[in-house]
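Please examine the sequence and structure shown here.

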Amino acid sequence: MLLWGVGNMNILMITNTYLPFLGGVERSIQTFSDEYRKAGHNVIIAAPADENAKDDAPGVIRVPALQHFNGTDFSVQLPLPGIFASVLKDFTPHIIHSHHPYLMGDSALRIGAHYDIPVVFTFHTFYEMYTHYIPGDSPAMKRFVNALAVGYANMCGCVIAPSGFVAAEIRKRGVEVPIEVIPTGIHLERFRSGDGADLRLECKIPPNAFVAGFVSRLAPEKNIEFLSAAVKRFLLSEPRAHFLLVGTGPSKSYFCSQFEEPSLQNRFHYLDALCGQKLVDAYHAMDFFVFASHTETQGLVIAEALACGVPVVSLRTGVITEIIKDGFNGYLAYDEREFVDALRRAADLSKRQLSRLHSCASQSVNGFEREVCADRALKVYEKLLIKNFTLRGSDENGWSKTARMLKAEMEIITNMTRALGKTFGAA
């Protein structure tokens with residue numbers, strides 16, 4: 001029962017990307033939404049139209065969008081006035097959860113002003129690390145998207161950070177509103193039970209092989225060049241080693257092409273993006289998981305690998321050091337030489353040593369259960385709703401709604417102007 005006395009919530013999730021596009025943001029939205037519905041709440045997910053979204057689940061609404069923005073697999077909402085008026089006619093939200101600080105994110109602020117309800121924003125991404133998808137990428141563009149995201153966060157009632165590292169970083173960047181650290185949860189029990197032996201058999205991987213693996217969207221921001229070079233170097237030095245790659249994306253061809261020489265062809269195994277039990281089985285087929293991204297704000301696939309009892313070799317980056325403890329549930333490296341050496345050390349472990357690491361890996365994600373994380377997010381919503389109910393006036397009329405809408409529009413424009421000023425005013 002909600003503390004604010006209304007009963008179950010109507011929650012509107014607003015995002016620039018959603019399934020079938022597969023990434024951490026999309027999986028986070030799906031996970032939280034599923035848990036909210038299981039708890040009895042009503043959830044609508046609003047996302048741009050996607051030509052590949054043939055069979056959306058109930059509760060997903062699409063708005064008109066430009067497909068294949070800048071030659072990518074992203075779609076971008078078209079700036080049509082009143083775009084949500086019809087799709088929300090039968091759903092009055094109590095709270096809005098925004099997942100991007102622009103485009104659909106601006107719509108979240110407008111809808112929040114229209115209904116006079118709180119907006120929560122999850123800071124999923126350090127956006128300056130993704131400007132290679134935008135025409136005219138430059139240092140100035142990076143400053144712009146960073147300033148835009150910080151300004152957007154400060155227009156919301158609360159910001160959710162998926163890790164303590166992100167919370168500290170965005171606070172340093174200028175986020176002043178309350179920040180709550182809530183990671184995307186995972187179904188621990190589901191990931192802890194898989195048939196790795198059967199998947200190895202399917203991929204023709206010998207039972208006694210040492211298998212390093214990677215699950216991800218295959219894109220430049222995942223540090224694909226570094227990872228493929230390090231894994232190739234490791235395979236060339238360790239005849240017993242195999243590599244299992246799971247995922248798809250714009251860097252798929254590049255990654256796979258690095259393992260075409262005859263001595264590696266039979267030890268490199270590629271599977272397309274997987275979900276459900278097949279994904280769990282893929283993790284369980286691995287002895288170690290490898291990771292090299294510098295852009296992560298949580299590292300959801302790392303948590304999944306650990307839940308499967310698979311330790312991790314990773315580059316030592318801010319958020320990763322919150323999860324991976326060197327020598328306990330994996331190994332951390334500063335550069336390619338250390339990364340390859342860590343994999344060699346992993347391959348040389350005795351069965352007893354490897355079993356201990358597997359056990360520690362599984363234990364290290366206790367507390368990441370999806371129901372626990374969703375409950376923490378619901379408590380954030382409740383707190384904001386109580387505050388909003390307390391502050392809301394009783395003289396609601398057409399003018400007060402218009403005033404709120406004008407104020408929201410001015411704040412959006414001001415944030416854009418301020419971000420541009422910081423961009424071109426910087427040295």
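Phe424 lies in helix H16, which covers residues 398-425. The model described here is predicted. With a relative accessibility of 65%, Phe424 is classed as exposed, because the cut-off for that class is over 50% relative accessible area.

Phe424 also belongs to a nonpolar patch on the surface, together with Met416 and Leu420. The accessible area of Met416, Leu420 and Phe424 together is about 310 Å².

## Helix H7

Helix H7 comprises 14 residues, numbered 224-237. At 1.5 Å a residue, helix H7 should span 20 Å.

Which residues of H7 are buried? They are Ile224, Phe226, Leu227, Ser228, Ala230, Val231, Phe234 and Leu235.

How many disulfides does the structure hold? The number is zero. A disulfide would require a pair of cysteine sulfur atoms within 2.5 Å. For Cys158, the closest cysteine sulfur is that of Cys156, at 9.2 Å, which is too far for a bond. For Cys256, the closest cysteine sulfur belongs to Cys203, and the separation of 13 Å is likewise too far for a bond.

Are these two cysteines, Cys158 and Cys256, buried or exposed? Cys158 has a relative accessible area of 4% and is therefore buried. Cys256, with a relative accessible area of 18%, is buried as well, because the class takes in values under 20%.

Methods: Residues numbered from 1 in each chain as written. Predicted model: local features only at pLDDT ≥ 70, side-chain atom pairs only at ≥ 80, totals over all residues. Heavy atoms only, no water. Patch = residues over 30% accessible without salt bridge, like charges linked within 9 Å, V, L, I, M, F, W, Y side chains within 5 Å. Areas by Shrake-Rupley, 256 points an atom, 1.4 Å probe, with all protein chains shown as cover. Salt bridge = Lys/Arg side-chain N within 4 Å of Asp/Glu carboxyl O. Helix = DSSP H or I, 4+ residues; strand = E, 2+ residues; numbered from the N terminus. Buried < 20%, exposed > 50% of the residue type's maximum accessible area, 1.4 Å probe, protein only. Expected span 1.5 Å × (residues − 1).
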